[in-house]
Amino acid sequence: MVSGLTSVGSMFASHPQFVVAGQSTATCSTHGEYQQTKYQSGRVTKCPECEREREQQRIADEKAAQLREAAERKSKLIDDLIGNSGIPKRFLSKTLKNYQVSCKEQQDVINDAKAFLIEFSSPQGHSGRCMTMLGNTGTGKSHIASAMALCVIKHYGGKARFTSVSEINRLVRESKSYNAEYTETEIITAFGNYDLLIVDEVGIQSGTDAESRALFDVFNARYQNMKPTIVISNLNINQFKDALGERIVDRLKEGGGLILGFNWGSYRG
Ligand SMILES: [Zn+2]
């Protein structure tokens, strides 16, 4: 064994590529003089500093390429998540920053939204408390809710979904058709699992009992999973309580859940 290895070693050692023919001093235009070794094969060693720099550059390039690929993968993932988020197109550029605050109540809402979002970065995750936005159309509820969903996707890498009561009802209705791709249970489970779910148009549906039950099932699934939900309604607090019932409203307030009144005039931001 040992003699075998030795003979392989000596075979290399005697190869013209490895037999030193001579040493001399060479000059690198950047690093100055260096000891150059010439081999029998004619190969000469290059400036060791240049070699070292080339190797460092190669490692740096490789690392940069890896980072670029990772960033591309992430941005593709974010694009997919945004594409599947259901956020209406006109709200895709909304942020909390570009919501123009013109009164203290609006600033309070922005602060509440930020506090709600910060929970996504806590080690134990979001508490699952809800946020309910009540007020007339045009007061900026969808703007703020969309900005929050985009923040969850972009900054926390979470899954956020913007839906409406009518969409939930339509999906549940379709699940009952003979060629449905999903069952009702799968739909409820999917809505129950998003890191953030926004439900628009709550309280205006005059649907069947089965339809109100679907909404309740979604709320319940999220409650069980401790996932936060943002509820949007054009109703005022009394109409909202009448429409949903005290029990659901209590649950929306549980664990620090907020019911926010967007009580200013129309907002265009
Ligand atoms: Zn050099």
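These legends go with close-up views of a predicted model.

**View 1. Four residues hold the zinc ion.**
Start with the metal: Cys 28, His 31, Cys 47 and Cys 50 coordinate the zinc ion. The site is tetrahedral, with angles of 104 to 115° among the 4 donor atoms. Read along the chain, the donors are spaced as C-x2-H-x15-C-x2-C. Cys 28 sits in strand E1 (residues 20–28), whereas Cys 47 is in the loop between strand E2 (32–39) and helix H2 (48–83), so this pair ties together parts that are 19 residues apart in sequence. Both Cys 28 and Cys 47 are buried.

**View 2. The largest pocket, seen by its lining.**
The volume of the largest pocket comes to about 380 Å³. It has 18 lining residues, and those closest to the centre are Thr 95, Leu 96, Lys 97, Cys 151 and His 155. Helix H3 (104–118) and helix H4 (141–156) each give the lining at least two residues. H4 supplies the largest share of the lining, with 6 residues. Sorted by class, the lining has 11 nonpolar residues, together with 3 polar and 4 charged ones.

**View 3. Glu 119 pairs up with Arg 129.**
Glu 119 makes a salt bridge with Arg 129, and their closest N and O atoms are 2.5 Å apart. Both partners lie in the loop between H3 and strand E3 (131–135), so the bridge ties together parts that are 10 residues apart in sequence.

**View 4. A salt-bridge network around Arg 161 and Glu 167.**
Here the side chains of Arg 161 and Glu 167 meet in a salt bridge, at 3.1 Å from N to O. Both of these residues are buried. They also belong to a network of salt bridges that links Arg 161, Glu 167, Arg 170 and Glu 174.

**View 5. Asp 195 and Lys 227 bridge two loops.**
The side chains of Asp 195 and Lys 227 come together in a salt bridge, 3.4 Å from N to O. Asp 195 is in the loop between helix H6 (184–193) and strand E5 (196–200), and Lys 227 is in the loop between helix H7 (209–225) and strand E6 (229–233), so the pair ties together parts that are 32 residues apart in sequence. Asp 195 is partly exposed, with a relative accessible area of 26%. Lys 227 is partly exposed as well, at 23%.

**View 6. Cys 103, with Cys 130 for comparison.**
Look for Cys 103 in the loop between H2 and H3. With a relative accessible area of 25%, Cys 103 is partly exposed. How far apart are Cys 103 and Cys 130 in space? From C-alpha to C-alpha they are 24 Å apart, and in sequence they are 27 residues apart.

Terms used: Residues numbered from 1 in each chain as written. Predicted model: local features only at pLDDT ≥ 70, side-chain atom pairs only at ≥ 80, totals over all residues. Heavy atoms only, no water. 1 Å grid on protein atoms, 1.4 Å probe; cavity = no way out; pocket = protein on both sides within 12 Å on 5 of 7 lines; lining within 4 Å. Points joined across faces, edges and corners; volume = space filled by probe spheres on them. Helix = DSSP H or I, 4+ residues; strand = E, 2+ residues; numbered from the N terminus. Nonpolar A, V, L, I, M, F, W, Y, C, P; charged D, E, K, R; others polar. Donors = N, O, S within 2.8 Å, 3.2 Å for Na, K, Ca; no water. Tetrahedral: all angles 85-135°; square planar, octahedral: opposite > 155°, others 65-115°. Buried < 20%, exposed > 50% of the residue type's maximum accessible area, 1.4 Å probe, protein only. Salt bridge = Lys/Arg side-chain N within 4 Å of Asp/Glu carboxyl O.
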